[in-house]
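Visitor: I have a protein model open and would like to learn how to read its features. Please take me through them one at a time.

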Amino acid sequence: MEPKWTKNSCKRALLTGFTLFIVLVTEPTSGIDIHSDSEVILQNGTAGTLRCTFKSKEVVSRDTSVTWSFQSSQPDNQFSKAAYTIFYFSNGKGFLGMDEFKDRVQFVGDINKRDASIQLSPAQFSDNGTYFCDVKNPPDVLGTSARTELRVVVKESLPQSNTAVIVGAVCGALFLLVLIAVAACIVMRVLHNRHEYEGCTSLESVSSQAPQARKKVESSLEGSRCTSPSGPLQGPVIYAQLDHSGSRNSFHKMEPVVYADIRKN
């Protein structure tokens, strides 16, 4: 025999289904994203900024709050066991937490621009440690605090700036390009001069050969002149002799007489 559903069981099933529907359909509250520099190096006795920014889909209001905490990295420091609040910002006002950072922490961010940065001045060796930045922007209250490792060092221990390295590399590259351009100009000039020199030598050879050819022609002409007779050449002379006998057919009778004029040298 099958058990029958009671009214309470039906209500519980309906309530469970409705709850699951709400959980699946309703968009959960989005978390807030907080970002900061992973490491900051400051010279002892100078001012430095600990940057912190956040992203939130909600509009920034007076309820937005910022909390900065510090935990020392030195074992003998009193703040090394846990993180202690050193600065708190809410309702447009800032509040200092620990006396150790009194008058040395200043809020330099802009909540409306989603900037929650602070300035530490002057930095001391006792400030070495981890700094936590936490932002709440209701209803965005779920988010992981951003962490920044601060190292306070002497001036000699500061890392060298990359600017000098970049400038040196650019200058070296420009100098190399200038050398390449000068070398290319020299090579082109040498090749051009060599080409002109070869052209001149070829012209000189042609000009030197031309007089020789002319001399040969002249000599051949002179030889031909020597072998030919000194006087003008004259071929055979043809004379026509007419018949003057008075006969009728005498006009048509013409006896050509050829006299050969042969001259001996």
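Visitor: Which residues form one aromatic cluster?

Guide: A pair of aromatic rings is described by the distance of the centres and the angle of the planes. Rings of Phe, Tyr and Trp (its six-membered ring) pair if their centres lie within 6.5 Å; planes under 30 degrees apart count as stacked, over 60 as edge-to-face and the rest as tilted. In this chain, Phe70, Phe79, Tyr84, Phe101 and Tyr131 form one aromatic cluster. This is a predicted model, in which local features need pLDDT of at least 70 and side-chain atom pairs count only at pLDDT 80 or more, while totals for chains, interfaces and linings use all residues. Residues are numbered from 1 along each chain as its sequence is written, and side-chain values use heavy atoms, with hydrogens and water left out.

Visitor: How many aromatic pairs does the rule give?

Guide: The count is eight aromatic pairs. Phe70 and Tyr131 make a tilted pair, with 4.8 Å from centre to centre and 40° between the planes. Phe70 belongs to strand β5 (residues 65–72) and Tyr131 to strand β10 (residues 129–136), so the pair ties together parts that are 61 residues apart in sequence. Helices (H or I, at least four residues) and strands (E, at least two) are DSSP runs, numbered from the N terminus.

Visitor: Are Phe70 and Tyr131 buried or exposed?

Guide: Buried means under 20% relative accessible area, exposed over 50%, and partly exposed in between (1.4 Å probe, protein chains only). Both Phe70 and Tyr131 are buried.

Visitor: What else lies in strand β5?

Guide: Thr67 and Gln71 are both found in strand β5. Thr67 is buried, at a relative accessible area of 19%, whereas Gln71 is partly exposed at 25%. For the surroundings, contact means heavy atoms within 4.5 Å. Setting aside neighbours within four places in sequence, Thr67 is in contact with Thr85, Phe87, Tyr88, Phe132, Cys133 and Asp134. With residues up to four places away not counted, Gln71 touches several residues, including Phe79, Lys81, Gly129 and Phe132. The C-alpha atoms of Gln71 and Lys81 are separated by 7.2 Å, and these residues are 10 apart along the chain.

Visitor: Which residues does a disulfide join here?

Guide: A disulfide is a covalent bond between the sulfur atoms of two cysteines. The rule used here is a pair of cysteine sulfur atoms within 2.5 Å, and the count comes to one disulfide. That disulfide joins Cys52 to Cys133, with 2.0 Å from S to S. The link of Cys52 and Cys133 is left-handed, with -85° about the S-S bond. It links distant parts of the chain: Cys52 is in strand β4 (residues 52–55) and Cys133 in strand β10, 81 residues apart. Cys52 is buried at 0% relative accessibility, and Cys133 is buried at 0% as well. Elsewhere, Cys171 is partly exposed at 45% and Cys185 is exposed at 51%.

Visitor: How many salt bridges are there?

Guide: Side chains of opposite charge can pair when their charged atoms come close. A salt bridge is a side-chain nitrogen of Lys or Arg within 4 Å of a carboxyl oxygen of Asp or Glu. The count comes to four salt bridges. One of them is between Glu39 and Arg151, at 3.2 Å from N to O. Glu39 lies in strand β2 (residues 39–43) and Arg151 in strand β11 (residues 146–153), so the pair ties together parts that are 112 residues apart in sequence. Glu39 is partly exposed at 43%, and Arg151 is partly exposed at 40%.

Visitor: What does the secondary structure of the chain come to?

Guide: The chain has two helices and 13 strands. Buried residues make up 20% of its 265 residues. Among contacts between residues at least 6 apart in sequence, 56% join residues at least 24 apart.
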